[in-house]
Amino acid sequence: MDTSVEQPLNKSTQISHNTGVDPRDANTPDNWVPRHPEMVRLTGKHPFNAEAPLSLLMEQGFITPNPLHYVRNHGPVPKLQWETHRLTVNGLVSKPLILSMDDIENLPYKEFPVTLTCAGNRRKEQNMIKQSKGFNWGAAATSCAIWKGVPLNHLLKLAGVIDEKTDKPRYVCFAGSDKLPNGFYGTSIPLEWAMNDANDVILAYGMNGEKLPPDHGFPLRAIIPGCIGGRMVKWLSSITVSDKESDSYYHYNDNRVLPPEYDMERATKEKIWYNPDYIINKLNINSAITSPAHNERISLSSFVSTKEYTIKGYAYTGGGQKITRVEVSLDYGKTWLLAKLTQPELEHPVVLKRGIFPIPRFWCWSFWSISIPLYSFIRCEEISVRAWDATHNTQPNTPTWNVLGMMNNCHFRVKVNTINQGKEFFLEFRHPTQPGNNPGGWMVKPEPPKTEKTVSNSSTSNNKDKRTFTTQQVEKHNNEKDCWIIIEKKVYDCTRFLKVHPGGLEAILINAGKDVTEEFNAIHSSKARARLDKFYIGDLSDNTQAKL
């Protein structure tokens, strides 16, 4: 076992001391969780799903400070205490365990860097093709931290994993403490995977030399290197060894890549969620361009004084494979240039202290760069990148849409445009999208000009009786028996929809009586928008004489 002491992180670690409770969380269950104000929120105010601005993330270097590490939460953050939290280990074991956090912290531990990535990284690019069920991750749903925790196989051996002589597969099922509309969040991995020491699966209680922050699973979470973030259960409360996969709703209804011809209704009708061929475990290979940044400009006059420009980005892959090369094209993939590849993981003090293993494992992202003459951008309309790993696997040219918007890893493309501003000409770079509901990106279709709609006679007669409400009037309808919301200046009575809302009634109640335009648009499809008509009761008006 590793027994290394905490190592100093990069100089940006001090950013962790500049966070507090964000005012946007004031009226949510997360009104006690400290968060960095620059994190880009992707699902409105709550639940908290966020990524750092891409340029800011890259400025931090190899290790991401805790406050800037991307966050994926399905609901409120559980308010747990180190002193009272317990982990139960049961199922097909001979010596079931109930462990305190002090018990766990006193066991042998491993400590090493791991890059975590959400399976939805770069999802917004898929959503620009066709809206998926998922919200708009940009290209920063990936981060790297040093994790410290007890090896899972050590804990399972203490519990006496039963060595049955059978060909039937067994699984390690994880369950968290975050109670959600469809039960506790849970998932599972094969027992064989968990027991293999080379896979480095740990139950982490430390992150970058500190105890886990609330958003990252305090006091205990699973870390499964080379795997998607959705398998790394946070706020871990129980581990069950079973001959069946996790029965959690979220294990079967999330983190799967379905064939592109399936929508939600067909997938549910045909029960395709239970097809084991579509589950996602290991990450796929991916890369992105981070410099030039979105909307970055280069003055054409600088071509005289500046000879080169350095294009930069990140690359990662799953399963412990090594990124072996990254290539950049300036001519739509007709020719490719080999970029310089750096892998800080190999030189990090924590990794060096672990020593050399018989089979090398690569759990972290790599960085790449290539310096090109500025004149290379003349007549260049697009910069694209692709990575390769040790299996000679590379990224596809185009995305494959799927209903959950998962695993988008097509060539990352930045468009190059020449613009005129006064007497000066510039090269302007545009990324495919910007995260969340933020505008910008060459894949984003411009909004059509607003035109006055012709109103039919029947609609005109109905408008005579149309009710209007002030913000103050809507605010009074803020409970389970009387719940109104505002979306794009229209008022909806959602009271009778609360109990059948797929996201649970709490998701609506925390916003009762408020304008939820941002939250609704972030996570709802066109079908959900069409259903709103059933609950429409009037328009928002600032007229204090609005009808009661």
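Colleague: How do the residues of the lining of the largest cavity divide into nonpolar, polar and charged?

Modeller: This is a predicted model, in which local features need pLDDT of at least 70 and side-chain atom pairs count only at pLDDT 80 or more, while totals for chains, interfaces and linings use all residues. Residues are numbered from 1 along each chain as its sequence is written, and side-chain values use heavy atoms, without hydrogens and water. Counting Ala, Val, Leu, Ile, Met, Phe, Trp, Tyr, Cys and Pro as nonpolar, Asp, Glu, Lys and Arg as charged, and the others, Gly among them, as polar, the lining comprises 7 nonpolar, 7 polar and 2 charged residues.

Colleague: Which strands stand at the edges of the open sheet of 5 strands?

Modeller: Strands are DSSP runs of E of at least two residues, numbered from the N terminus, and two of them pair if DSSP finds at least two bridges between them. The sheet runs in the order 26-30-29-28-27, with mixed pairing.

Colleague: Is Glu-488 buried, partly exposed or exposed?

Modeller: Glu-488 lies in the loop between strand 28 (482-487) and strand 29 (490-493). Buried means under 20% relative accessible area and exposed over 50%, with partly exposed in between (1.4 Å probe, protein chains only). At a relative accessible area of 43%, Glu-488 is therefore partly exposed.

Note on methods: Helix = DSSP H or I, 4+ residues; strand = E, 2+ residues; numbered from the N terminus.
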